[in-house]
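This briefing walks through a protein model topic by topic, from charged pairs to confidence. Please keep the sequence and the structure in view while you read.

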Amino acid sequence: MKKRCLLALALAACCMVSQPALAVPYGTETFFYGDYEYALENGQATIVGNSGGQSGLPWDDERIALKRPGAKDAPALLPKAADTDGIWRTVVPDSLNGYPVVAIDCLVEGLWGDVVLPDTVIRIERSAFSGSHRLYAITIPPSVAYIGEAAFEDCPVTLRVTEGSYAAQYAQDNDLAYTYDLSYKVFQSDGWLYTLTDGVATIYGYAKDGETDDQGHDISPYIDLVFPTHLGGCPVAPVTRLPLPFFQAYHNLASITIPASVTQITDYPFTLSYIPRVADAAMFVVAPDNPVYEDIDGVLFDKRSKTLIACPYRRIGHYTIPEGVTAIADGAFSRCWQLTSVSIAPSVTRIGAYAFDACQGLTSLVIPDGVTHIGDRAFNACFELGSVTIPPSVTSIGDEAFDYWPVTLTVTRGSYAEQYAEEVQGGYFEYAGADAQE
């Protein structure tokens, strides 16, 4: 057991989100059962944290252990009724150490993909799931009679609710994505994960296991991934949204075709791990009649906001960002380790978080004058990038933007970049142009 204040500090550090306003007061004594931390009041449990593993928690016969794609030694707990192969899904227990679970106070850290709340829960407190970018669905039972402010803020998730319930009304009032489908069975066909409702298939993910030889080398064939029109003999409903994580496994994708129906791609839909990473595809292909997205030379763009969304993981050598692009999205080039240089168009004003994270082959990159923001860990672990010139137009640099490598920043005297370099980079900076002579 420990005090509530320690948990809050740990969650704030691990999740890298603003600290939520919790219903369980700081200083409240908390307890652990398996991977859950909880507080007690009148013999009832409120969950205040989850570690994400499965150590020691006794699960009943209705649940079995499966393995999350890409993590052979990381089992996930899955109801047998879901009949799914390889999707990370967590069923929150209805009791902890004999105490019924009646409220969720904070359940941000440690959960992936699909979460199902038990029908003993009656309250979801303020900011309970706020900032949880790794969830794509939460099943909320009709027993829930209260949901606090900002419970799902900055959480790109679809809520599964009962028609006419308090949760359904909450979703409608707060303009949240939701569905009335609660009693569903998950099917899989050639890697596609889908549900059936009235004879119509709804796709919500792709998770296909690869093939390896006796030495563990990947020998999976390269495939062109195209959204199907029928699954299990049933027509497929148009896919309009790619949530996180949608493409969960299978490394050898020659291409991914985005259909015309997709009009919403959430942050990092092509992720496989917590650190964002684009799909292992050689190129993106977007249907010509898609109203929102387009591909240019195999790279994915949002043509409304003029944002570069994702560069294929296997892009090799040099890449030039086209003129007219104004933003590089979070994680856009993350782990494109075969990129050696990037020319950023003068029109770009924003470089998102993790934008060039772990581009370990990158040796040359110039940030043009006009960029105003560089996001958190934007150039983290770019080990071969010895120096970066930051123009005086930059007025904001996120946390650990140049972490884990001894980069030299070239800055202009009196600029925000100079202040940042002095405070954060220590001695690893120098002055540009005429300033270097002073």
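**Salt bridges and their surroundings**

With a relative accessible area of 36%, E400 is partly exposed. E400 belongs to a predicted model, and the side chain of E400 meets that of R377 in a salt bridge, with 2.5 Å from N to O.

- In total, the structure holds five salt bridges, and in general, side chains of opposite charge can pair when their charged atoms come close.
- Another of these salt bridges joins the side chains of R315 and D297, at 3.3 Å from N to O. R315 lies in the loop between β28 (307–310) and β29 (317–320), and D297 lies in the loop between β26 (293–296) and β27 (299–302), so this pair ties together parts that are 18 residues apart in sequence.
- Because D330 is placed in the loop between β30 (327–328) and β31 (339–343) and R350 in strand β32 (residues 350–351), the pair ties together parts that are 20 residues apart in sequence.
- D330 counts as partly exposed at 22% relative accessibility, and R350 is likewise partly exposed, with a relative accessible area of 33%.

**Aromatic pairs**

- The structure holds ten aromatic pairs. In one of them, the rings of F31 and Y38 have centres 5.8 Å apart and planes at 35°, so the pair is described as tilted.
- Of these two residues, F31 counts as partly exposed at 22% relative accessibility, while Y38 is buried, with a relative accessible area of 2%.
- Y38 also forms a tilted aromatic pair with Y99, at 6.5 Å centre to centre and with 40° between the planes. Since Y38 lies in strand β3 (residues 36–41) and Y99 in strand β9 (residues 99–104), this pair ties together parts that are 61 residues apart in sequence.
- Y99 is partly exposed, with a relative accessible area of 31%.
- Elsewhere, ring pairs link Y319, F333, F356, F379, F402 and Y420 into a cluster.

**Cysteines**

- A disulfide is, in general, a covalent bond between the sulfur atoms of two cysteines, and the count of disulfides in this model comes to zero.
- For C311, the closest cysteine sulfur is in C336, at 4.3 Å, which is too far for a bond because the cut-off for a disulfide is within 2.5 Å.
- C311 counts as buried at 0% relative accessibility, and C106 is buried as well, with a relative accessible area of 2%.

**Helix α2**

- In helix α2 (residues 166–173), the buried residues are A167, A168, Y170 and A171. Seen down the axis of α2, these buried residues fall within an arc of 160°, so they line one face of the helix.
- The cover over the buried residues of α2 includes β13 (146–147), β14 (158–160) and β15 (178–179).
- After α2 comes D175, which has a positive phi, near 55°.

**Confidence in the model**

- The chain has a mean pLDDT of 76, and 72% of its residues reach 70 or more.
- Confidence is lowest in strand β5 (residues 63–67), at a mean of 30, and it is highest in β32, at 97.
- Over residues 53–87 the pLDDT stays under 50, although the model has 73 contacts beyond four places in sequence for this stretch.
- The pLDDT is also below 50 over residues 271–279, a stretch that has 46 contacts in the model beyond near neighbours in sequence.

Key:
Residues are numbered from 1 along each chain as its sequence is written. This is a predicted model: local features need pLDDT of at least 70, side-chain atom pairs count only at pLDDT 80 or more; totals for chains, interfaces and linings use all residues. Side-chain values use heavy atoms; hydrogens and water are left out. Rings of Phe, Tyr and Trp (its six-membered ring) pair if their centres lie within 6.5 Å; planes under 30 degrees apart count as stacked, over 60 as edge-to-face and the rest as tilted. Buried means under 20% relative accessible area, exposed over 50%, partly exposed in between (1.4 Å probe, protein chains only). Helices (H or I, at least four residues) and strands (E, at least two) are DSSP runs, numbered from the N terminus. A salt bridge is a side-chain nitrogen of Lys or Arg within 4 Å of a carboxyl oxygen of Asp or Glu. The arc is that of the directions from the helix axis to the C-beta atoms. Contact means heavy atoms within 4.5 Å. pLDDT is the predictor's confidence in each residue, from 0 to 100.
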